[in-house]
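This report covers how two chains are packed against each other. The structure is shown first, and the description comes after it.

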Amino acid sequence: MEIPMQCYLIVALVMFFSGVYGFITRRNLLAMLMSLELILNAVNVFFVVFNRFLFPEHLEGMFFSLFVIGVAAAETALAIAIIINVFRSSKNIDNEEIKELKY
Amino acid sequence: MEASQIIFFILSAIIVVGSIMSVVSRKLLHAATYLLFVLIATAGLYLLLNFHFLAAVQLSVYVGGILVLFVFAIFLTSQVGELMPQSTLSRRIMGSVIVLSGFAFSTYVLMTHKFKTIAQSEISELDMQDLGTALIGTDMYQYLLPFEAISVLLLACIIGGILIARKK
C-alpha cells in the first residue's frame, strides 16, 4: 500500500501555515526571515508532490522547486546582509523599533 | 505496515513538530535548530518521492548554505540565550485566527477535490542525463531561459551583497 497524496499535502500545509503564523507574530527580523523560509519550503513540497502524483511524465514541478531554492538562497543572502547593516546602524533588529530606513 | 509508511510518519512528525516549534520558540538559536530539522526531513520526503537530485540540492543549498548563514547572522546580532520579545496578545490572536481558518479552508478543499493520481509503483528514478538535457535545452519542456535568468539573478545578488556589506 502506498502513501496517498493527501498525507503529503497536509504535512506541507502545516509547514506553510506555521510559517505564516511566524511571519505575522514574530518581531525579530531574522525570525521573520526564517518563517519565510518555512513558507518557501512548504511550497516546494507542494510542487514536487503535485509533479510526482499528477504529472509524473513531466518535470515542471521539480524544476520549479529547483529555481525556487535558487531564488530563496539569493534572497536570504541579501536579506541577511541588509539586516546586519540595519543592526550596525541602529543596534536593533526589532521591527517595531526600526522606524526609519535611513542608512 | 511497510517501511516507507513508517519512514513517512517519522518524517512528517519531525516536520510538523519542528515547524510549529520553530515559529513559537522564543530563543532564536533554538528556532534555527528546529528549522534545520524541518529542512532535513523535507529532504527525506524528496528521497521518499524518488527525487534524489532535489534532495541533494535541498541538503546542500538549504541546510549547508542558508542555515549556516542564519546561524552566523544570529550570532552577530543577538546575545546567546536571550529571549525574544513577544508580540502583543491581540497580534497573536489575530495570527492564530487567520492561520487556523486558512488551514481549515485549505484542508477542506484538498480533501474534497478529486485528484486523478497516478500509481507510484511504475515510476522509476529520474535519469541524471535527462535532467541535464532538460535543464539546458531549448525545446518544449526544457528550461534554458529560467536557468540563465537564475544565473543573472545570482550575479546581481553577489554584486548587491558586496555593495550592501561594503564599509563606506
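**Confidence**

The model is predicted, with an ipTM of 0.91 and a pTM of 0.90. Chain A has a mean pLDDT of 88, and 96% of its residues reach 70 or more. For chain B the average pLDDT is also given as 88, with 98% of the residues scoring at least 70. Within chain A, α1(A) has the highest confidence, at 93, and α3(A) the lowest, at a mean of 89. Where pLDDT is low, predicted coordinates should not be read in detail.

**The interface as a whole**

Chain A contributes 62 residues to the contact and chain B contributes 69 residues. On the side of chain A that touches chain B, the elements giving two or more residues are α1, α2 and α3 (60-90). Of these, α3(A) supplies the largest share, 21 residues. By class, this side of chain A has 44 nonpolar, 13 polar and five charged residues.

**Helix pairs across the interface**

| Helix in chain A | Helix in chain B | Angle | Axis distance |
|---|---|---|---|
| α2(A), residues 29-54 | α2(B), residues 28-48 | about 10° | 11 Å apart |
| α2(A) | α3(B), residues 52-77 | about 170° | 11 Å apart |
| α1(A), residues 5-25 | α4(B), residues 89-112 | roughly 160° | within 9 Å |

Helix α2(A) packs on α2(B) at an angle of about 10°. Since an angle under 35 degrees counts as roughly parallel, α2(A) is therefore roughly parallel to α2(B). From α2(A), the contact uses A:Leu30, A:Ala31, A:Met34, A:Glu37, A:Leu38, A:Asn41, A:Val45 and A:Val48. The residues on α2(B) include B:Leu28, B:Ala31, B:Leu35, B:Leu39, B:Thr42 and B:Tyr46. The contact of α2(A) with α2(B) has 14 nonpolar, two polar and one charged residues.

Helix α2(A) also packs with α3(B), at about 170°. This angle makes α2(A) roughly antiparallel to α3(B). The residues of α2(A) in this contact are A:Leu30, A:Met34, A:Glu37 and A:Val48. They meet B:Leu54, B:Ile66, B:Phe70, B:Ala73, B:Ile74 and B:Thr77 of α3(B). By class, the contact of α2(A) with α3(B) divides into eight nonpolar, one polar and one charged.

The axes of α1(A) and α4(B) cross at roughly 160°, which means that α1(A) is roughly antiparallel to α4(B). The crossing of α1(A) and α4(B) is right-handed. Residues of α1(A) in the contact include A:Leu9, A:Leu13, A:Phe17, A:Val20, A:Tyr21 and A:Ile24. On α4(B), among them are B:Arg91, B:Arg92, B:Gly95, B:Ile98, B:Gly102, B:Phe103 and B:Leu110. The contact of α1(A) with α4(B) has 12 nonpolar, seven polar and two charged residues.

**Domains of chain B**

The domain assignment of chain B gives domain 1 as 1-82 and domain 2 as 128-168. The centres of domain 1 and domain 2 of chain B, taken over C-alpha atoms, are separated by 25 Å.

Notes
Residues numbered from 1 in each chain as written. Chains lettered and ligands numbered in written order. Predicted model: local features only at pLDDT ≥ 70, side-chain atom pairs only at ≥ 80, totals over all residues. Axes fitted to C-alpha atoms, helices over the stretch in contact; angles between N-to-C directions. Helix = DSSP H or I, 4+ residues; strand = E, 2+ residues; numbered from the N terminus. Parallel < 35°, antiparallel > 145°, perpendicular 65-115°, else oblique. Contact = placed C-beta atoms within 7 Å. Nonpolar A, V, L, I, M, F, W, Y, C, P; charged D, E, K, R; others polar. Left-handed = near helix turned anticlockwise from the far one by under 90°. pLDDT = per-residue confidence, 0-100. Domains from an automatic or database assignment.
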